[in-house]
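Here's a quick tour for anyone opening this one up for the first time.

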Amino acid sequence: MTKIIMFGVREDEKDAALNWAEANAVDLTLTDELLTMDNVDRVKGFDGLSIQQTIKVDNQIYPRLQTFGIKQIAQRSAGFDMYDLDEARKNDIIISNVPSYSPNSIAEYAVTAALQLVRKTDLIQQRVAAQDFRWQKSIMAKEIKSLQVAIIGTGRIGQITAQIFKGFGAKIVGFDLYPNEQAKQHLEYKDTIEEAVENADIVSIHMPATKDNYHLFDEALFAHFKDGAVFINTARGTVVDTQALLTAIDSGKLAGAALDTYENETSYFPKDFRGQTITDQVMLELISRRDVILTPHIAFYTNIAVQNLVEGGLDATLSVIQTGTCDTRLN
């Protein structure tokens with residue numbers, strides 16, 4: 001019987017994983033450990049593996065897996081910036097991801113976060129908690145229908161986000177290095193990212209992290225934003241220079257931001273830090289601010305998404321074992 005090991009398994013993944021194993025007649029071993037050089041020898045004797053982690057995969061792991069006869073690592077997420085694809089290829093290790101597990105989950109969360117900022121729901125709730133029920137200008141909001149939304153990155157998630165905002169009646173513009181015809185049903189492409197953001201009231205980003213877009217959203221790009229805009233990041237943390245973002249908010253350039261990802265999140269997300277000391281001063285500031293919504297990389301987290309991630313990762317693992325490749329390979 002084919003033997004597969006899953007690393008980084010959470011409680012909420014177990015039912016879907018065991019159901020998949022029974023349906024595919026696979027001997028499946030689950031562990032909540034992340035894959036590191038300290039435990040990579042656990043893979044010996046298995047035919048394939050699937051992992052789910054945000055920390056960088058040590059480059060020494062690839063040749064070690066090769067000695068075990070392993071041909072792949074199936075990541076159970078869309079993001080793959082934790083891998084060195086070139087180093088993996090040198091050791092004949094196929095890296096795969098799950099590129100589309102539930103784009104609706106993330107798109108719906110991005111819109112929810114934008115609504116929270118634009119409708120000032122947090123501030124209203126704070127006033128109510130203080131028994132201040134007055135109607136005041138500071139809590140007066142805008143209609144989404146009257147706003148312009150910029151979608152940066154127009155793949156599956158970006159397109160659905162655009163579609164939802166369009167349902168509110170907003171004007172949607174977009175930018176992507178690789179524009180596609182389908183997205184044009186929902187948005188008007190701009191030639192540059194600066195043109196896309198300059199008149200937008202809401203900027204929502206939906207792009208993978210690559211070698212070329214580290215800190216793409218920096219002081220220079222924020223300077224092109226419309227005064228009073230809100231910024232939504234449900235993509236990858238490293239795309240944003242967080243200190244530059246905070247400076248833009250402090251200066252009044254931006255009204256606020258919702259960050260579901262943070263560039264230094266791997267030490268904290270998704271872990272229980274109750275009773276422990278957080279030493280990252282920037283993260284502490286993000287948590288404490290009323291004009292920033294910080295959430296622990298949770299936009300994807302729905303029942304449908306978790307099931308699709310588990311099944312997608314295991315399908316890719318089995319495909320490489322049986323055919324030597326898979327539809328979602330990255331290298």
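**Briefing: charges, rings and a buried asparagine**

Glu-285 and Arg-289 pair up in a salt bridge, with their closest N and O atoms 2.8 Å apart. Keep in mind that this is a predicted model.

**Salt bridges**

- Side chains of opposite charge can pair when their charged atoms come close.
- In total, the structure holds 18 salt bridges.
- The Glu-285 and Arg-289 pair belongs to a network of salt bridges that links Asp-250, Glu-285, Arg-289 and Asp-291.
- Glu-285 has a relative accessible area of 27%, so it counts as partly exposed.
- Arg-289 comes in at 15%, and because buried means under 20% relative accessible area, Arg-289 is buried.
- Another salt bridge joins Arg-10 to Asp-12, and here the closest N and O atoms are 2.9 Å apart.
- Arg-10 is partly exposed, with a relative accessible area of 21%, and Asp-12 is partly exposed too, at 33%.

**A salt bridge across the chain**

- Asp-86 and Lys-211 also meet through their side chains in a salt bridge, at 3.7 Å from N to O.
- This pair links distant parts of the chain, as Asp-86 and Lys-211 are 125 residues apart.
- Asp-86 sits in helix 3 (residues 85-90), while Lys-211 is in the loop between strand 9 (202-205) and helix 8 (219-222).
- Is Lys-211 buried or exposed? With a relative accessible area of 76%, Lys-211 is exposed.

**Aromatic rings**

- You'll find nine aromatic pairs in the structure.
- In one of them, the rings of Phe-217 and Phe-225 have centres 6.4 Å apart and planes at 80°, which makes the pair edge-to-face.
- Phe-217 and Phe-225 are both buried.
- Ring pairs tie Phe-217, Phe-222, Phe-225 and Phe-231 together into a cluster.

- Which residues make the nonpolar surface patch of about 280 Å²? They are Ile-124, Val-128 and Phe-133.
- To find Phe-133, look in the loop between helix 5 (121-129) and strand 6 (148-152).
- Phe-133 has 58% relative accessibility, so it counts as exposed.

**Asn-331, a buried residue**

- Asn-331 turns up in the segment after helix 11 (303-323).
- Its relative accessibility is 14%, so Asn-331 counts as buried.
- Leaving aside residues up to four places away in sequence, Asn-331 touches Leu-85, Ala-88, Arg-89, Ile-93, Ile-94 and Ile-95.
- Two of those neighbours put backbone atoms by the Asn-331 side chain: the backbone oxygen of Leu-85 is 3.4 Å from one of its polar atoms, and the backbone nitrogen of Ile-95 is 2.9 Å from a polar atom of that side chain.

Key
Residues are numbered from 1 along each chain as its sequence is written. This is a predicted model: local features need pLDDT of at least 70, side-chain atom pairs count only at pLDDT 80 or more; totals for chains, interfaces and linings use all residues. Side-chain values use heavy atoms; hydrogens and water are left out. Helices (H or I, at least four residues) and strands (E, at least two) are DSSP runs, numbered from the N terminus. Buried means under 20% relative accessible area, exposed over 50%, partly exposed in between (1.4 Å probe, protein chains only). Contact means heavy atoms within 4.5 Å. A polar contact is a pair of N or O atoms within 3.5 Å; within protein, one must be able to donate a hydrogen and the other to accept it, and residues adjacent in sequence count only if both atoms are side-chain atoms. Patches are made of residues with over 30% relative accessible area and no salt bridge: like charges are joined within 9 Å, nonpolar side chains (Val, Leu, Ile, Met, Phe, Trp, Tyr) within 5 Å. Accessible areas come from the Shrake-Rupley method with a 1.4 Å probe; for residues, only the protein chains shown count as cover. A salt bridge is a side-chain nitrogen of Lys or Arg within 4 Å of a carboxyl oxygen of Asp or Glu. Rings of Phe, Tyr and Trp (its six-membered ring) pair if their centres lie within 6.5 Å; planes under 30 degrees apart count as stacked, over 60 as edge-to-face and the rest as tilted.
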